[in-house]
Amino acid sequence: MENNAFYVALSLLLNFDASLFQIVALSLQVSLLAVLIAALLGFPLGAAVALWRFPGRGVMIVALNALMGLPPVVAGLIVYLLLSRAGPLGEWGFLFTPGAMVIAQVVLVLPILAALSRQKVEELLGEYREQFVSLGMSRSRMMPTLLWDARFALLTVLLAGFGRASAEVGAVMMVGGNIDGVTRVMTTAIVLETGKGNLPLALGLGIVLLTLVMLINAGAYLLGELTRRRVG
Amino acid sequence: MTSFNAPFHASSVLSLPPALRFEGVAFSHQDKVLLGPCAFTLEGAGPTLVMGPNGAGKSLLLRLAHGLLSPTQGRVAWSGEGSPRQAMVFQQPVLLRRSTVANLIHALAVNNVPRKARAKLAFDALERFGLTACTDTPARVLSGGEQQRLALARAWVLSPQVLFLDEPTSALDPAAIKAVEAAVREFHQRGTRIVMTTHDLHQARRLAGDVLFLSGGKVREHTPAEAFFNAPVSREAQAFIAGELVE
């Protein structure tokens with residue numbers, strides 16, 4: 001019975017195993033912070049691309065769409081090069097800290113949030129444009145109105161970003177280093193424990209990761225549905 | 001038959017709102033002339049009803065006048081300095097995904113009305129347009145008639161000197177139509193220049209001070225309402241009125 005992976009996984013969870021919860025907490029901190037920063041940058045960026053016509057706009061849209069599929073290891077490599085001792089931001093001493101992991105995940109998530117919010121905002125703008133012009137609104141004044149009115153769609157976009165951040169392993173592994181107690185998150189721990197043959201712990205972490213993602217998605221779905229029904 | 005109701009004239013209007021002049025205005029798209037060239041001046045008390053069959057260019061004319069579109073030829077000019085404060089009410093009201101009162105507050109905010117003054121103006125307008133009961137209702141779950149009243153209230157809080165209405169009642173039931181027409185009269189009484197399109201002759205008879213008649217992208221006639229309904233000059237307007245009466 002003790003060798004049953006599910007049993008071990010469940011007992012780890014039910015006993016509130018300290019090292020397990022440290023890993024879970026760090027994972028959440030890193031991914032949530034990364035998604036928050038990416039949203040603060042990506043939503044206005046997406047809205048700006050939807051609102052303004054400028055040379056290179058088409059290239060930018062294609063680039064943002066393409067970067068949605070940026071391989072995490074490539075994002076990790078870029079951030080690694082930037083933050084390494086010899087790199088341009090080497091002085092920050094950020095490499096192998098949670099901060100570096102946040103930066104790497106921002107790089108991964110930002111294109112998703114910008115590209116998807118660009119689509120949503122552009123759809124809404126098609127509907128609102130004449131009324132906005134009639135009200136004498138400038139493009140920069142339209143931006144906050146559009147972002148707020150697209151809030152339900154953007155919540156889904158945010159979830160897509162969070163899903164990406166919490167599930168990836170390549171980027172955080174490269175720039176975080178999977179240091180026990182410092183930069184070990186759920187995905188890197190799963191890789192490590194699987195490699196060591198500690199399948200129960202790996203599975204336990206996997207179950208926690210899945211459950212968390214499900215809970216966050218369910219919460220956001222419910223919130224979205226309730227308010228959508230209320231606001232129409 | 002209600003069509004000979006006394007048309008609405010505002011003798012109470014002291015100073016006339018800014019005059020609108022189309023100077024050889026034309027609009028073409030992909031080498032096809034959709035409107036004009038047309039030249040006319042709206043300077044009377046109004047309300048001006050823009051009439052004509054579907055595809056005559058009524059909506060286009062309104063959008064050019066309001067500045068939503070730029071003419072490909074000629075220019076739109078206003079009396080006085082610059083262009084006046086304007087608002088437009090569309091056939092399908094475009095409302096924000098917010099509460100009823102938040103829609104009004106937003107319009108006031110983008111027009112730089114001081115924050116402190118916004119709520120009072122908004123609530124006054126809700127009361128005037130019979131929307132007090134739906135203050136916090138999401139605007140997009142209001143009924144069609146309520147939505148259009150909210151669009152009118154939004155225009156009202158901006159105190160426009162000119163109000164354009166593009167077929168504002170074509171999707172509404174009689175009670176809602178009545179409310180919209182009452183609102184149009186209130187705007188008119190406040191001294192707002194009204195320019196409204198409709199294809200409903202009865203409605204035009206009830207509201208019009210003067211009629212601008214379009215067909216095939218050309219202005220065929222611009223005459224006082226009484227003259228237009230009793231003795232239309234252009235062949236197109238004669239046919240339009242006759243066609244409507246036999247229905």
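Trainee: How much helix and how much strand are there over residues 24–220 of chain A?
Mentor: In this predicted model, residues 24–220 of chain A are 79% helix and 0% strand.

Trainee: What share of chain A is buried?
Mentor: Of the 232 residues in chain A, 38% are buried.

Trainee: Let us turn to the helix packing. At what angle do helix 3 and helix 5 of chain A cross?
Mentor: The axes of helix 3 (residues 57–67) and helix 5 (residues 98–134) of chain A cross at roughly 125 degrees and come within 8 Å. Helix 3 of chain A is therefore oblique to helix 5 of chain A.

Trainee: Is that crossing left-handed or right-handed?
Mentor: The crossing of helix 3 and helix 5 of chain A is left-handed.

Trainee: Which residues meet there?
Mentor: From helix 3 of chain A they are A:Ile61, A:Leu64, A:Asn65 and A:Leu67, and these meet A:Pro111, A:Ala114, A:Ala115 and A:Arg118 of helix 5 of chain A. By class, this contact of helix 3 with helix 5 of chain A has 6 nonpolar, 1 polar and 1 charged residues.

Trainee: How far apart are the axes of helix 4 and helix 5 of chain A?
Mentor: The axes of helix 4 (residues 72–83) and helix 5 of chain A are 9 Å apart, and the two helices pack at an angle of about 130 degrees. Helix 4 and helix 5 of chain A are therefore oblique to each other. Their crossing is right-handed.

Trainee: Which residues make that contact?
Mentor: Helix 4 of chain A contributes A:Pro72, A:Ala75, A:Gly76, A:Ile78, A:Val79 and A:Leu83, while helix 5 of chain A contributes A:Ala100, A:Ile103, A:Ala104, A:Val107 and A:Leu108. In the contact of helix 4 with helix 5 of chain A, 10 residues are nonpolar, 1 is polar and none is charged.

Trainee: I have selected A:Met101 on my screen. Why does A:Met101 count as buried?
Mentor: A:Met101 counts as buried because it has 31 C-beta neighbours inside 10 Å, and 20 or more is the cut-off for a buried residue. A:Met101 is found in helix 5 of chain A.

Trainee: What is A:Met101 in contact with, beyond its neighbours within four places in sequence?
Mentor: With those neighbours left aside, A:Met101 is in contact with A:Val30, A:Val172, A:Val175, A:Gly176 and A:Thr183. A:Met101 and A:Met173 are 72 residues apart in sequence, with their C-alpha atoms 8.2 Å apart in space.

Trainee: And A:Leu20, buried or partly exposed?
Mentor: A:Leu20 is partly exposed, because 19 other C-beta atoms lie within 10 Å, whereas a buried residue needs 20 or more. A:Leu20 is found in helix 2 of chain A. Apart from its neighbours within four places in sequence, A:Leu20 is in contact with A:Leu12 and A:Gly204.

Trainee: Moving on to chain B, how many residues of chain A are in contact with it?
Mentor: 15 residues of chain A are in contact with 15 residues of chain B. On the chain A side, helix 5, helix 6 (139–149) and helix 10 (199–231) each give two or more residues.

Trainee: Which helix gives the most?
Mentor: Helix 5 of chain A gives the most to the side that touches chain B, with 6 residues. By class, that side of chain A has 5 nonpolar, 5 polar and 5 charged residues.

Trainee: Which residues of helix 6 of chain A are buried?
Mentor: A:Met142, A:Met143, A:Thr145, A:Leu146 and A:Asp149 are buried in helix 6 of chain A. The elements covering these buried residues include helix 2 (18–51), helix 5 and helix 7 (151–167) of chain A, together with helix 2 (100–110) of chain B.

Trainee: What feature does UniProt place on chain B?
Mentor: An unreviewed UniProt entry places "domain: ABC transporter" at residues 20–241 of chain B. That span of chain B is 38% helix and 26% strand, and its end C-alpha atoms lie 26 Å apart.

Notes
Residues numbered from 1 in each chain as written. Chains lettered and ligands numbered in written order. Predicted model: local features only at pLDDT ≥ 70, side-chain atom pairs only at ≥ 80, totals over all residues. Axes fitted to C-alpha atoms, helices over the stretch in contact; angles between N-to-C directions. Helix = DSSP H or I, 4+ residues; strand = E, 2+ residues; numbered from the N terminus. Parallel < 35°, antiparallel > 145°, perpendicular 65-115°, else oblique. Left-handed = near helix turned anticlockwise from the far one by under 90°. Contact = placed C-beta atoms within 7 Å. Nonpolar A, V, L, I, M, F, W, Y, C, P; charged D, E, K, R; others polar. Buried ≥ 20, exposed ≤ 12 C-beta atoms within 10 Å, placed from the backbone. UniProt positions renumbered as here; feature names shortened; annotations may be inferred.
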